[in-house]
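Hello,

The structure follows below, with notes on what was found in it.

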Amino acid sequence: MPTPISIMDIPMPTEPASVELGDDLALLGLLQLVSPALPIGAFAFSQGLESAFELGWVTDEATLGEWLEGVLEDGLTRCELPALARLHVAWGKSDVAALDEWDTWLAANRETAELAAEDSRLGASLSRLLGSLGLLPVASALPANAGYVTVFAWTAYARGVSTRQTLLGFAWAWLENQLAVACKALPLGHTAAQRLVERLRPALVSAVDEALMLEDDALGPALPGLALASALHETQYSRLFRS
C-alpha cells in the first residue's frame, strides 16, 4: 500500500508567492497573445505559402518542412526576432527613438505589398484590441501606424514577459499559423503537422539563440523565393488567404 504523503513532504517554494504569481500571469499573458483565438485576423495570411503550393514548390510534409526551416533561418532569425528583441528592450527603456527606428526598419524590409499589408493590418488589429482592453501604451510612445512586431513587443513587455520568452512566443505563433495554412490549403493532415512541430521545435530555440546574439549590421532577411511567391500571390487565380 503506498505511503500517504504528508504536507510536510511537499517542497516549499523558494521564491515569494508574489514572484511566482507574476511569472504565472506573464506566461498566461504570452499564451493569450500567441493564441490562434486572438481576434486580430492572423489566420487570413499565409505569408506567400499559399503561392508556394500553387507553384509546386511545396507539395508535401517533407518539402513544407524544408520551406519552413529556410524561412526561419534566413527570415525570422535575421529580421523579426532580433528586431522584436530590440523593440522589447526599447519599450522597457521608454526609448521612443529606438521604437520608431526599428518599426521603420521592419516596414522597409517588407518586400511586397502583401507582406507590408499583413504587418500593418495585424498591427492595427492588435492595437484596436489592446485599446478595447485598456492596454495601449501612451499615445506619444506608440509609433504612428505601428506594425505587428512593434505592438507585439509592447504587449509582451506590458505583460511582464521576458525578452527571450517573447521571441519564443512569436516564433511559435508563426509556426502554428504556417501549419494551419498548410492543413487548409495543401492539404496536410493534422498528425503530419504535429510531426513538423516536433521536428522544428529545436530549430525555434536555436533561432532565438542566434537572433539574440546578432549585431545590428548582421540583420536583414534573405528570402528571394518567399518574396517572389508573395508577389505572384497577388494575381493568383484562386486563393484562400490574403497574403
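What share of the contacts with a separation of 6 or more in the protein chain comes from residues 24 or more positions apart? The figure is 81%, where contact means heavy atoms within 4.5 Å.

Please note that this is a predicted model, in which local features need pLDDT of at least 70, side-chain atom pairs count only at pLDDT 80 or more, and totals for chains, interfaces and linings use all residues. Residues are numbered from 1 along each chain as its sequence is written, and side-chain values use heavy atoms, with hydrogens and water left out.

Confidence: the protein chain has a mean pLDDT (the predictor's confidence in each residue, from 0 to 100) of 87, and 88% of its residues reach 70 or more. Residues 1-19 have pLDDT below 50, and this stretch makes 4 contacts in the model beyond near neighbours in sequence. Where pLDDT is low, the predicted coordinates should not be read in detail.

Fold: the protein chain has 10 helices and 0 strands. Helices (H or I, at least four residues) and strands (E, at least two) are DSSP runs, numbered from the N terminus. Of the 243 residues in the protein chain, 45% are buried; buried means under 20% relative accessible area, exposed over 50%, and partly exposed in between (1.4 Å probe, protein chains only).

Arginine 128: this residue sits in helix H6 (residues 113-132). Arginine 128 counts as exposed because its relative accessible area is 56%. Between arginine 128 and isoleucine 40 there are 88 residues in sequence and 8.8 Å in space, C-alpha to C-alpha.

Regards
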